[in-house]
Amino acid sequence: MNTTNGRAAMRRGRFAMNDTPAHPAADRRDGSAQGPRGEGWEARADRDGVLITLTGDWIAVNGIRTDEAAISRIIEAAGTRGISFDASGLGRWDSALLIFVASLRRAARGHHVPFHEDGLPEAATRLLALTTEAAPSAAGAPAGPKLVARIGQVTIGIWNETLEVFSLIGDTVLSAGASVRGRVRMRSVDLLTCMRDAGVAALPIVTVVNALTGAIVAFVGAVQLKRFGAGIFVADLVAVAMAREMTALMTAIVMSGRTGGAYAAEIATMVGNEEIDALRTIGIPVHDYLILPRIIALTCMMPLLYIYGFAVGVLGGLAVAVAMLNMSATSFIDETQVSLGGGQIVFGLLKSVAFGAMIAIVGCRSGLSAGRTAADVGKAATTAVVIGIVGIIALDAVFAVCANALSF
Amino acid sequence: MATPKIRVDGISFGYDGGVVQHDISFEVGEKSIFAIMGGSGCGKSTLMRTMIGLLPPYTGSIYIGDEDYWAATESRRAEIGRRFGVVFQSGALWSSMTAEENVALPLRMFTHLDNNSIEQLARLKLSLVGLDKAGSTMPGELSGGMRRRVGIARALSLDPDVLFLDEPSAGLDPVASKRLDDLILELRNGFGVTVIMVSHELPSLLGICDDGIFLDAETKTALARGSPKQLRDTSDLPAVHAFMHRERPDEGRDIDGDHR
């Protein structure tokens with residue numbers, strides 16, 4: 001095959017190269033010097049071994065022409081006499097040629113066939129010298145651990161994580177005690193910033209979510225109660241549902257996505273930037289400095305958000321009641337006051353304190369345990385939000401069971 | 001593939017209206033290793049950002065071959081940019097992908113090759129930088145030097161005509177740094193790419209660069225042109241002299257006197 005043929009073959013496009021494993025002529029073993037050949041190369045066997053004539057352009061983006069069947073035929077034909085190259089007809093080339101020659105060289109070494117690179121362009125031999133030998137099979141996916149082992153690893157991981165969380169809670173309680181005595185290395189500016197972020201800055205979303213929740217509860221109640229002429233009890237429904245369950249739950253879920261996720265992402269980024277390591281090395285307790293202000297801020301702000309959210313929720317319910325049931329605002333408020341005991345509010349407050357502490361601890365913990373890459377920041381934020389929301393609902397169930405047991 | 005000539009014609013650039021460097025003109029010879037030199041903070045990396053299409057210059061033009069790079073449409077610029085390979089300072093590997101996937105991604109996006117070919121190419125590029133066994137490692141598990149090597153392998157994945165390197169040897173030990181220099185040299189000789197590297201590491205500059213430009217933070221423009229060796233031996237500009245000789249303690253006194 002001469003250069004012109006090689007070019008013509010090139011024009012047939014990459015599909016021909018990849019889909020045809022071997023040139024038809026490769027099988028034509030008629031005893032002459034004609035050996036295997038393929039796109040852009042031709043092997044000729046003679047007394048000294050196999051001479052591979054390279055022709056045309058070898059450009060990687062147009063296709064890779066290395067095929068194992070052809071290579072093993074070349075090795076077979078070469079026997080112990082060796083493989084050499086003639087690159088005088090070679091056009092432009094890049095990695096495509098390197099892959100061909102490198103896999104040929106690998107096969108030749110494997111079968112102890114002498115391999116003479118001197119016919120190749122000098123630049124190509126230089127690059128070949130750079131490539132290190134690697135068996136292609138070694139690059140396959142490593143076999144993972146067995147299922148039982150994986151279950152075991154995951155279980156141990158969960159156990160360790162649980163221990164970590166409990167030690168974090170313990171640390172928090174201890175240093176919260178210390179902070180009362182003013183012995184914690186925490187900057188008040190940080191605490192105030194965290195409080196603003198978890199408090200005032202969250203008001204808009206808390207307003208929207210609770211107003212809508214109150215309205216939805218009132219709407220669902222109104223449709224049912226109207227049929228019995230008991231429309232006035234919509235006020236009771238809204239007040240009790242919002243105070244006991246909905247406000248605390250909805251606010252916590254919103255704050256878990258908003259603040260818990262932010263804590264996790266922020267701390268995970270600090271881990272990646274070695275900021276945490278820097279704090280540790282100069283002896284600043286990470287827990288006091290970073291974690292405690294966040295936990296305190298969220299734990300303090302959640303009850304306030306709860307009270308605010310409850311008020312907004314009742315207003316949302318009132319709006320629906322006035323619009324749908326032609327009830328007067330005064331009678332709605334009166335009914336609310338009658339139905340609502342202080343105990344309900346205290347119950348809701350307790351819940352929101354617990355939710356706040358849990359969200360902050362989960363957020364900080366998943367941030368601290370994150371890896372160092374961008375993907376790990378995303379994972380940490382996801383973990384914080386998922387565990388936060390699941391935890392909120394689980395905690396809420398615990399509260400419900402306790403309240404039931406106490407016939408509250 | 002014919003390497004295009006790169007000509008920078010009187011550009012000035014900076015951020016948010018502030019000028020970092022002005023009136024920068026130079027030409028990069030085909031298949032040369034061109035150094036952008038200068039002290040820290042003089043705008044070396046920013047100059048590179050204007051050349052790889054990340055930051056438009058305020059004035060002036062950059063010609064890639066005969067084309068005015070920044071006057072071209074965005075899609076055309078992206079097309080030209082595909083003939084560039086860029087290695088960022090810390091490697092800038094995509095952390096959610098293995099090393100091999102990092103190298104393979106440009107091939108998957110911009111070629112029609114089948115999976116097997118892409119894998120072979122990616123493995124070849126990794127083996128060229130000596131990391132054929134690290135294909136399935138995540139970037140987070142690699143050392144700084146290895147990450148930079150994977151960055152080079154990724155930059156080479158489309159067989160570029162021009163290879164840009166931002167501080168390739170920063171933060172590497174002298175041996176690793178020398179090995180990286182040799183690799184750059186071999187890759188230039190082998191693939192015939194033009195290499196443009198930002199650096200202030202004297203051993204690298206003197207060792208492999210055959211042309212360059214010296215940027216100065218004080219005057220905000222290029223002070224000198226020429227190969228690092230030439231600048232070291234002939235330049236009598238105080239700033240260039242100080243930069244090129246800072247490793248010679250016996251001349252330290254003079255430099256302190258000359259400097260600023």
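A: A residue is called buried if 20 or more other C-beta atoms lie within 10 Å of its own, exposed if 12 or fewer do, and partly exposed in between, the C-beta atoms being placed from the backbone. This is a predicted model, in which local features need pLDDT of at least 70 and side-chain atom pairs count only at pLDDT 80 or more, while totals for chains, interfaces and linings use all residues. Residues are numbered from 1 along each chain as its sequence is written, and chains are lettered from A in the order in which they are written.

Q: Is B:Glu167 buried or exposed?

A: B:Glu167 counts as buried because it has 21 C-beta neighbours inside 10 Å. Its phi is positive, about 45°, although B:Glu167 is not a glycine. The residue sits in the loop between strand 7 (162–166) and helix 6 (174–191) of chain B; helices (H or I, at least four residues) and strands (E, at least two) are DSSP runs numbered from the N terminus.

Q: How is strand pairing to be read, and what is the strand order of the open sheet in chain B?

A: Strands of a sheet pair through backbone hydrogen bonds, either parallel or antiparallel. Two strands are taken to pair if DSSP finds at least two bridges between them. The open sheet of six strands in chain B has the order 6-7-8-3-9-10, with mixed pairing. Strand 6 (84–87) and strand 10 of chain B stand at the edges with a single partner strand each, so one side of each lacks a neighbour in the sheet. From one strand to the next the twist averages 20°, where axes are lines fitted to C-alpha atoms and angles run from 0 to 180 degrees between N-to-C directions.

Q: Which strands of chain B run parallel, and which antiparallel?

A: One parallel pair is strand 3 (residues 33–38) with strand 9 of chain B, joined by five bridges; there B:Ala35 stands opposite B:Gly212. An antiparallel pair is strand 1 (residues 6–15) with strand 2 (residues 18–28) of chain B, joined by seven bridges, with B:Phe13 opposite B:Gln21. The hairpin of strand 1 and strand 2 of chain B has two residues between the strands, and B:Asp16 takes a positive phi near 50° there.

Q: How many residues of chain A are in contact with chain B?

A: Contact requires C-beta atoms, placed from the backbone, within 7 Å. By this criterion, 27 residues of chain A are in contact with 27 residues of chain B. Helix 2 (14–19), helix 4 (95–110), helix 5 (122–130) and helix 14 (374–405) of chain A each give two or more residues to the side that touches chain B.

Q: Which residues touch the most other members of the largest nonpolar core?

A: A nonpolar core is a set of buried Ala, Val, Leu, Ile, Met, Phe, Trp, Tyr and Cys residues joined through C-beta atoms within 7 Å. In the largest, of 102 residues, B:Ile36, B:Ala153, B:Phe164, B:Val195 and B:Phe214 touch the most other members. Helix 4 of chain A gives the most to this core, with nine residues. Apart from this core lies another of 66 residues, including A:Phe332 and A:Ile392.

Key
Contact = placed C-beta atoms within 7 Å.
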